[in-house]
Amino acid sequence: MDAPAEGGRLAANLLGFGRLLRRAGVPVGPAELLAGAEALTHIELGDRAQVQAALRATLVHRAEFFFLFDHAFGLWWRAPAKPELAGEDEDGAERKPGAGARRLAEALGGMAPPPPPPPESEKRVDASLTVSAGEALKKMDFEAMDAAQLAAARQEIRRLALPLDARPTRRFRPDPAGQRADLRATLRASLRQGGEIFSISHAERVERPPPLVALCDISGSMSRYAQVLLTFLHAVANDRERVTTFLFGTRLTNITRQLRHRDAEVAFQMVGQIVPDWSGGTRIGAALDRFNREWGRRVLGQGAVVLLITDGLERGDADDLARLAAATDRLRHSCRRLIWLNPLLRYSGFQPRPQGVRTMLPLVHEHRPVHNIDSLRALVASLSAAPPRPFRGSGA
């Protein structure tokens, strides 16, 4: 085959590779593809390692996407007779797919050429049940969803924003229209005028959203909900500052640093590596007590909002219930809002019969359901609004 034909096929393959990377979540644009095409003219195209290094250097700009690029390169540029990337190594050993391999496989599968369009006489537009299906998904319980519905729900959850209401802090910033006179700034300005005061400097109090702390139960009864709600917590952690997240079952684990990774699949894989008690037992009182002792002073300042995600099914005796009551009460008085998110509230006839639920219920500020997309939307709306002011009587 002549050189122009070879060059055209290489360019088409490079464009297809760029589309695969974009579908998998890697930001690749025309500038990166042009740089990649230019880099391929300076290397030996027969050397696979050189091609991979050149494209990786020109198409990927953030280290967090390197693993996705390597998987995509193996899938797209493999030899015709070579097995899939997630199958076997060259020595025949079975290989486990890394984070993002499933997403890349779905992206590659979705790039198959579409079937030929039907004739004009056979074209039909069927929009029936489209809206109702979307509405049904928002109201469906997470525990009742299949794999495809969970994937669609996670996409919807990632788009939820959580703008907490701003609260005044102790800090001030210069503001000509501020209501507070800034004596220090006024005297400092007067020194530049020989000690004469020609104008008064003003300042305004700085307002910023309060810290958000999430404590999520990952015991056996909460496992399915926790997996979905981690998507929501990951989106919140990457959208705003001062978000701290803990998981607890039989022990307490801080996953704040892991959830800050922008790629959700990598973040969840890192979480899985440090959480040893997923789908195990529940010791809510012990976990809250440890949080109060080791983390409360660090993360609950400046009017923090706490999301306690659990069904309240404490597995313990009377001493454990007393510990749960004391820890919950201390947590309530250490934050501005303690919101208990309970998937058991999905039942219309819910009654606080379990002893753990009865112990915690009087000690939280709010008790809300969290079992579907609509309940998460209601939570976002509640957190975005200013909290109700406590009623103060006339004193008569």
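Axes here are lines fitted to C-alpha atoms, and for helices they cover the stretch in contact. Keep that in mind for the first stop. One caution before we start: this is a predicted model.

Let's begin with two helices. Two packed helices are described by the angle between their axes and the distance between the axes. Take helix α3, residues 48-59, and helix α4, residues 66-76. Their axes come within 11 Å. They cross at roughly 140 degrees. The crossing of α3 past α4 is right-handed.

Which residues make the contact? From α3, we have R48, V51, Q52, L55, R56 and L59. From α4, we have F66, F69, D70, F73 and G74. Sort them by type, and you get six nonpolar, two polar and three charged.

Next, helix α12, residues 284-294. Is this helix mostly covered or mostly open? Mostly covered: eight of its 11 residues are buried. Buried means under 20% relative accessible area. The buried residues of α12 are I284, G285, A286, A287, L288, D289, F291 and N292.

Notice D289 in that list. It brings us to salt bridges. How many does the structure hold? Eight. I'll show you three.

Start inside α12. D289 forms a salt bridge with R293, and the closest N and O atoms are 3.1 Å apart. An α-helix has 3.6 residues a turn, so residues three or four places apart point the same way. D289 and R293 are four residues apart in α12, so about one helical turn separates them.

Now for R337 and E366. Their closest N and O atoms are 2.5 Å apart, and the pair forms a salt bridge. This one links distant parts of the chain.

R346 sits in the loop between β8 and α15, and D141 in the loop between α6 and α7, so the bridge ties together parts that are 205 residues apart in sequence. R346 is partly exposed, at a relative accessible area of 21%. D141 is at 14%, so it counts as buried.

I200 is in the loop between α8 and β3. At 49% relative accessibility, I200 counts as partly exposed. Set aside neighbours within four places in sequence, and I200 is in contact with A181 and T186. The C-alpha atoms of I200 and T186 are 5.6 Å apart, though 14 residues separate the two along the chain.

Then L20, in helix α1, residues 3-23. L20 has 0% relative accessibility, so it counts as buried. Where does W76 come in? W76 is 56 residues from L20 in sequence, yet the two are 8.3 Å apart in space, C-alpha to C-alpha.

Methods
Residues are numbered from 1 along each chain as its sequence is written. This is a predicted model: local features need pLDDT of at least 70, side-chain atom pairs count only at pLDDT 80 or more; totals for chains, interfaces and linings use all residues. Side-chain values use heavy atoms; hydrogens and water are left out. Axes are lines fitted to C-alpha atoms, for helices over the stretch in contact, and angles run from 0 to 180 degrees between N-to-C directions. Helices (H or I, at least four residues) and strands (E, at least two) are DSSP runs, numbered from the N terminus. A crossing is left-handed if the near helix is turned anticlockwise from the far one by less than a right angle, and right-handed if clockwise. Contact means heavy atoms within 4.5 Å. Ala, Val, Leu, Ile, Met, Phe, Trp, Tyr, Cys and Pro count as nonpolar, Asp, Glu, Lys and Arg as charged, and the others, Gly among them, as polar. Buried means under 20% relative accessible area, exposed over 50%, partly exposed in between (1.4 Å probe, protein chains only). A salt bridge is a side-chain nitrogen of Lys or Arg within 4 Å of a carboxyl oxygen of Asp or Glu.
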